[in-house]
Amino acid sequence: MASDAASGKSVPDNGPMDPVERSADAFGSLHLEHSSTVDRVADELRRAVFEGELESGTPLREVALAESLGVSRPTLREALAVLVAEGLATREPHRGVSVASPDPESVRDVSRARAVLETAGVRHWPTAGEDARDAVRLALADYEQAVADAATYQELNQRHLAIHLSLVGLTESPRLVAMAEQVVAELRLALAQIDRVRRNARDQAGSHHHLLDLLESGDIEAAAAELDDHLGGAEDAIIERLDLD
């Protein structure tokens, strides 16, 4: 027992603070609700960008957006910082934040990154686990079902890109998949801008099915060549339709 100097009464002596108590006290300033709000705002802004509601070059005004979304300006500012970090928005001195505009070099760089990641996945097909292989089959089946259902362009794009992510999944490397997800986010920005120009996502099912057939037959070199042709054609088409040259 220890003595309370002010009252002279004895008080319990609990000894040194428990490590768990110290940890809880150290992190007492963290607020999950605020973080979740930032994430939700970033998700909504991404959705608007990917669906073409916010076109390339659109200024993302803090005051107007914060009022529209019913959040504080600091929360909105943090969400915008997330989009800037992902390459979906750009910040310029004295001009603020705006939706990023694809340029030829960025499209070509995204295509190079895709080729490295997805080709690595294709070459891992013989050694990949059955779950990883099934993910490719399921992604293709989902896409073909979306085509049969006359899904929206955005839904078709999402399921189309899911096929390509599943190819990277054949590496069974979470880090490579995370890198591919970032690359796909940048690609979706470009694809969102060509929705009104030409809708060609419905034409992809046949070539992807051929790629899977080559993998199933064990002809990995032919599959890699098919993927290279597909990605090269996609790069040329995006640049042409965005009038980037």
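Trainee: How many salt bridges does the structure hold?

Mentor: This is a predicted model, and the structure holds 16 salt bridges. One of them joins R46 to E86, with the closest N and O atoms 2.8 Å apart. That pair links distant parts of the chain, since R46 sits in helix α2 (residues 32–50) and E86 in the loop between α4 and β3 (89–92), 40 residues apart.

Trainee: Are R46 and E86 buried or exposed?

Mentor: Both R46 and E86 are buried. Consider next R112 and D109, whose closest N and O atoms are 3.3 Å apart in their salt bridge; these residues are three apart in helix α5 (residues 104–123) and therefore separated by about one helical turn. R112 is partly exposed at a relative accessible area of 44%, and D109 is partly exposed at 43%.

Trainee: Which residues are linked in a network of salt bridges?

Mentor: The network links E130, D134, R137 and E216.

Trainee: How are two packed helices described?

Mentor: Two packed helices are described by the angle between their axes and the distance between the axes. Here helix α3 (residues 62–69) and helix α4 (residues 73–85) pack at an angle of about 105°, with axes 9 Å apart, and α3 and α4 are therefore roughly perpendicular to each other.

Trainee: Which residues of α3 and α4 meet?

Mentor: From α3 come E62, V63, L65, A66 and L69, which meet R73, L76, R77 and L80 of α4. By class, this contact of α3 with α4 has six nonpolar, three charged and no polar residues.

Notes:
Residues are numbered from 1 along each chain as its sequence is written. This is a predicted model: local features need pLDDT of at least 70, side-chain atom pairs count only at pLDDT 80 or more; totals for chains, interfaces and linings use all residues. Side-chain values use heavy atoms; hydrogens and water are left out. Axes are lines fitted to C-alpha atoms, for helices over the stretch in contact, and angles run from 0 to 180 degrees between N-to-C directions. Helices (H or I, at least four residues) and strands (E, at least two) are DSSP runs, numbered from the N terminus. Angles under 35 degrees count as roughly parallel, over 145 as roughly antiparallel, 65 to 115 as roughly perpendicular and the rest as oblique. Contact means heavy atoms within 4.5 Å. Ala, Val, Leu, Ile, Met, Phe, Trp, Tyr, Cys and Pro count as nonpolar, Asp, Glu, Lys and Arg as charged, and the others, Gly among them, as polar. A salt bridge is a side-chain nitrogen of Lys or Arg within 4 Å of a carboxyl oxygen of Asp or Glu. Buried means under 20% relative accessible area, exposed over 50%, partly exposed in between (1.4 Å probe, protein chains only).
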